[in-house]
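Me: I would like to learn how to read a sheet and its aromatic pairs. Please take me through one structure.

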Amino acid sequence: LKYPFQSQAGKPFIFPSSGTGAWESALTNTLSPGDKVVAFRYGQFSHLWVDMAQRLGLDVEVLETPWGEGADEARLEAVLRADTDKKIKAVMVVHNETTTGVTSDILGCRKAIDTAGHPALFFVDGVSSIGALPFHMDKWGVDIAITGSQKALCLPTGLGLTCVSPKAMEATKTAELKRVFFSYDDMMKANAASNFPYTPSIPLLYGLRESIALMKEQTLEEVWARHERMGDATRAAVKAWGLELLCKNPRWNSNSLTVVATPEGIDSNDIVKAAYCKYNLTIGVGLSEVNGKVFRIGHLGDMNECSMLGAIAGVEMVLNDVGVKVPFGSGVGAAAKFFQETSSVIPTREILGDHIYGVKN
């Protein structure tokens, strides 16, 4: 279980929950009522984590950020430097905000914490990043990393996964927030006896074992590279359509999904509904503040060139259906050209492709 997190030192936990449950486990096992935390808010999921922390009785300093931007490392450093009494106990960052298609720089945030000389714990929501995007829990100094089974692990919703650093485990000894279902102590006692403190989801645990085995077979580096290629191709399609991303700064482009801004006068909910009703294609609606203004194309998990091209073709058709007259073949052509120019022969199939591609055995 440590493999997707890229951790050796961390302690992993599996909760029968969504990623929201793993959020709660991070807060309640390490913090006490009234503790101060700092959190960026730049999308629906970072907002919900802030809301949870506030409702649990924590004092949350919210760093409001325009939706479509990521965590500002300089701003984080300034906030921590100003905290001369070291009252801030934790920093909360959503790595990949699926509302906006923005991936923040987690290593950059770690450097900001270190440069400020601050001892705060570092919590990272990696629900839609871990297993899809480069993530190095130990190297990046993440104290609690969180993910869920339904994203890059390619499983149904139902497992909240977290990995906890030794520093965060030490914090559990003095934490006073109430916890029952998400208690690390209860989980460790039961796990030590090869058990759970309550009924686990056995089918999902079998699936998790197979999902991690597939990742190891391909290697995480190759998985990350595949997601990068899916993202690059999708962004090429959007550019060919003449549309814009919600994320304007390329440094924050997400390789888990692409969030596309709709032209003035076009309700993105109509795009999503038409795609489902006419082409049996599921794309994401805009959430909360960006509802009706964007639609989301996922390229997370078990996707390859042909499945991605099918999704792009479906979006291209539905755009024309709702009145966004993009040239047929423009997005598909741009993505296909990118794939054709950058794809390699699949490992283990070199002999079959030798006479076509000149592969040396």
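**Reading the sheet and the rings**

Reply: Strands are DSSP runs of E of at least two residues, helices runs of H or I of at least four, both numbered from the N terminus; two strands pair if DSSP finds at least two bridges between them. Here seven strands make an open, mixed sheet in the order β1-β9-β8-β7-β4-β2-β3. The model is predicted: local features need pLDDT of at least 70, side-chain atom pairs 80 or more, while totals for chains, interfaces and linings use all residues. Residues are numbered from 1 along each chain as its sequence is written, and side-chain values use heavy atoms, without hydrogens and water.

Me: Which strands stand at the edges?

Reply: β1 (11-15) and β3 (59-64) do; each has a single partner strand, so one side of each lacks a neighbour in the sheet.

Me: Which strands does helix α7 touch?

Reply: Contact means heavy atoms within 4.5 Å. Helix α7 (residues 184-192) packs on the sheet and touches β1, β8 and β9.

Me: How many aromatic pairs are there?

Reply: Rings of Phe, Tyr and Trp (its six-membered ring) pair if their centres lie within 6.5 Å; planes under 30 degrees apart are stacked, over 60 edge-to-face, the rest tilted. The whole structure has 10 such pairs. F15 and Y184 have ring centres 6.4 Å apart and planes at 25°, so they are stacked. F15 is in β1 and Y184 in α7, so the pair ties together parts 169 residues apart in sequence.

Me: Are F15 and Y184 buried or exposed?

Reply: Buried means under 20% relative accessible area, exposed over 50%, partly exposed in between (1.4 Å probe, protein chains only). Both F15 and Y184 are buried.

Methods
Axes fitted to C-alpha atoms, helices over the stretch in contact; angles between N-to-C directions.
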